[in-house]
Every structure is written in C-alpha cells, then in structure tokens.
Amino acid sequence: TPQKKTDGTHKEYGWTGNQYLDLYKVSLKNVSVVSSFSSNINTKLHESNIIFTKDGKTAYFTRNNYANGKRKKDKHAITHLQIFKAQFNNGKWDKITPLSINSDNYSTEHPALSPDEKTLYFASDMPHGFGSFDIYAVAILKDGSMGIPENLGSEINTDKKEQFPYIDSNNNLYFSSNGLPGFGGMDVFISKINDQTISKPDNIGIPINSGYDDFSFNIDYRTKEGYFSSNRTSGKGNDDI
C-alpha cells in the first residue's frame with residue numbers, strides 16, 4: 001500500500017516507480033476504513049508481511065536494512081530486506097530489533113511461524129542455496145534468540161524463486177514458486193510437514209493459481225477461509241489482495 005507522506009506527496013521506489021510499502025490495518029467488518037498499522041514500525045522504506053504470535057504480544061515483519069534513520073547497503077549499493085521483531089507494550093509496538101539471521105549482503109524476508117511457535121520459516125537468497133530465493137527454517141530458542149537457519153532442501157527449493165511461506169494450524173506449508181511446475185508466474189504450492197520431513201509439494205490449482213503471480217497465501221484451517229495476493233488482470237492494478 002502506498003505510504004502517504006504528511007506533505008501530501010508519495011515517495012517513489014526507484015526500481016519500480018511505485019511507492020514504498022507500509023503496513024496497514026483494516027476491520028473485516030468494514031474494509032473501507034484503512035489506517036496505518038504503527039508509526040513506530042512504518043518507515044520511509046519498505047515494510048511488509050507482518051505476522052503475530054498467538055498472544056498478540058510479538059510480531060515479525062519484513063523491512064529494508066534500516067537502522068538509526070539510515071539505510072545500509074552492500075558493496076553493490078543494494079539495500080537488502082531483513083526480518084525484524086517487535087513487542088507490544090502499553091498499547092504500542094516497540095523494542096524493534098533485527099534478527100540475528102539477517103545480513104547486509106543478502107535478504108531475509110516473509111516470516112512465518114509454526115503452530116507451536118518454536119520455528120520461524122522465511123525466504124532468503126543467502127549463499128549456498130539452490131538459486132535465487134529459497135525457503136528456510138530456523139529454531140526460536142527459549143530465550144527468544146535464533147538458531148542456525150536450515151534450507152528446506154531440493155524437494156521444496158529450485159534454482160528460481162520460492163517465497164512467501166505460511167504454515168497453517170495443521171502443519172501444512174504453503175509457499176509460492178516460479179520454479180516448480182505451474183500455470184505461469186508464481187503459483188501457490190502445499191507441502192505437509194511430518195516429524196521433520198516435508199512431502200513433495202503439490203500445486204493447489206485453479207482458481208487460486210493463474211498465469212500471473214499468485215502469492216502471500218494464508219488460510220484458516222478450521223473455517224476454510226483465507227486470503228492471497230495476485231497481479232492478475234481482473235484486479236485493480238499491480239498486486240491486489
């Protein structure tokens with residue numbers, strides 16, 4: 001969603017010509033009323049893909065590599081994406097800290113929690129993967145720190161992009177890929193997690209998937225209701241929910 005500046009202008013992202021992303025919130029009872037999620041979390045750069053622990057007190061989200069009001073760049077002048085953690089205290093989000101799995105030299109993005117909240121899944125183009133972005137898992141230790149990231153392997157990851165992981169309450173892993181067989185662009189796939197093993201992914205099919213990019217899939221396993229994003233031509237333009 002475009003970040004509207006206080007002077008009435010929009011700051012454009014140079015690579016796409018679109019506006020930088022901010023996090024917003026909306027009541028499902030009245031989706032016409034949209035408001036900024038948190039002035040502490042939103043910055044002049046990108047924020048996206050926020051998730052929450054079941055108690056609502058901890059959030060993980062994606063943000064550009066940004067600290068002390070300045071962006072950090074690698075040797076190629078690229079500001080990579082990182083995953084941050086925030087705590088909800090006294091009615092506001094604070095204690096915003098980057099995770100130890102981040103790097104100035106590659107991106108970590110799209111956090112997702114396992115049902116027991118002991119494992120964080122994410123996408124990254126860190127070295128020694130299968131190519132482009134892969135899906136990884138990392139243990140959340142008892143003190144809240146992170147273990148060592150583990151690549152989910154060649155059953156899930158390809159030499160192209162695997163991104164946007166989501167784990168439902170029944171331990172199904174959903175993610176998007178443009179490297180596995182699909183209908184075109186990024187498609188949503190499902191794989192079952194069982195006792196540290198992950199099954200061969202299946203394309204969830206039409207009408208969720210299309211010849212365009214379909215991603216950010218999530219669903220409530222109990223109600224069978226969910227959401228996803230797509231840039232298909234029936235939307236209002238660019239990526240829609």
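These notebook entries record what I looked up in a predicted model.

**Entry 1. Ground rules**

I worked with a predicted model, in which local features need pLDDT of at least 70 and side-chain atom pairs count only at pLDDT 80 or more, while totals for chains, interfaces and linings use all residues. Residues are numbered from 1 along each chain as its sequence is written, and side-chain values use heavy atoms, with hydrogens and water left out.

I took strands as DSSP runs of E with at least two residues, numbered from the N terminus. I called two strands paired if DSSP finds at least two bridges between them.

I first looked up an open sheet of 4 strands, which has the order 3-4-7-8 and antiparallel pairing. Its edge strands are strand 3 (47-52) and strand 8, each of which pairs on one side only. Neighbouring strands of this sheet are turned by 30° against each other on average, direction ignored. For that angle, axes are lines fitted to C-alpha atoms, and angles run from 0 to 180 degrees between N-to-C directions.

I then turned to another open sheet of 4 strands, with the order 9-10-11-12 and antiparallel pairing. Here strand 9 and strand 12 are the edge strands, and each pairs on one side only.

**Entry 2. Two hairpins**

How many residues lie between strand 7 and strand 8 in their hairpin? I found 2 residues there, and Asn90 in the turn has a positive phi of about 50°. Strand 7 (residues 81-89) and strand 8 (residues 92-98) are antiparallel and pair over 5 bridges. Lys92 in strand 8 is the bridge partner of Asn89.

The hairpin of strand 18 and strand 19 has 4 residues between its strands. Strand 18 (residues 214-220) and strand 19 (residues 225-230) run antiparallel and are joined by 5 bridges. Phe215 stands opposite Ser229 of strand 19.

Lys224, in the loop between strand 18 and strand 19, is not a glycine, yet its phi is positive at about 65°. Is Lys224 buried or exposed? Lys224 counts as exposed because its relative accessibility is 56%. In these notes, buried means under 20% relative accessible area, exposed over 50%, and partly exposed in between (1.4 Å probe, protein chains only).

His128 is not a glycine either, and its positive phi is about 75°. I located His128 in the loop between strand 10 and strand 11. His128 has 82% relative accessibility and therefore counts as exposed.

Which peptide bond did I record as cis? The bond from Ile206 to Pro207 is cis, with omega near 15°. Pro207 lies in the loop between strand 17 (202-203) and strand 18.

**Entry 3. Leu99**

I found Leu99 in the loop between strand 8 and strand 9 (108-113). Its relative accessibility is 8%, so Leu99 counts as buried. Leaving out residues up to four places away in sequence, Leu99 touches Tyr60, Ile83, Lys85, Leu120 and Met146; contact means heavy atoms within 4.5 Å. Leu99 and Asn151 are 52 residues apart along the chain, and their C-alpha atoms are separated by 17 Å.

**Entry 4. The second largest pocket**

I looked up the second largest pocket, whose volume is about 470 Å³. A pocket is an open set of points on a 1 Å grid over the protein atoms alone, where a 1.4 Å probe fits, with protein on both sides within 12 Å along at least five of seven lines; lining residues have an atom within 4 Å of a point. Grid points are joined across faces, edges and corners, and the volume is the space filled by probe spheres set on the points.

The lining has 19 residues, and Thr119, Tyr121, Ala137, Ile193 and Gln196 lie nearest the centre. Strand 10 (119-124), strand 11 (134-139) and strand 12 (150-151) each supply at least two residues of this lining. The largest share, 3 residues, comes from strand 11.
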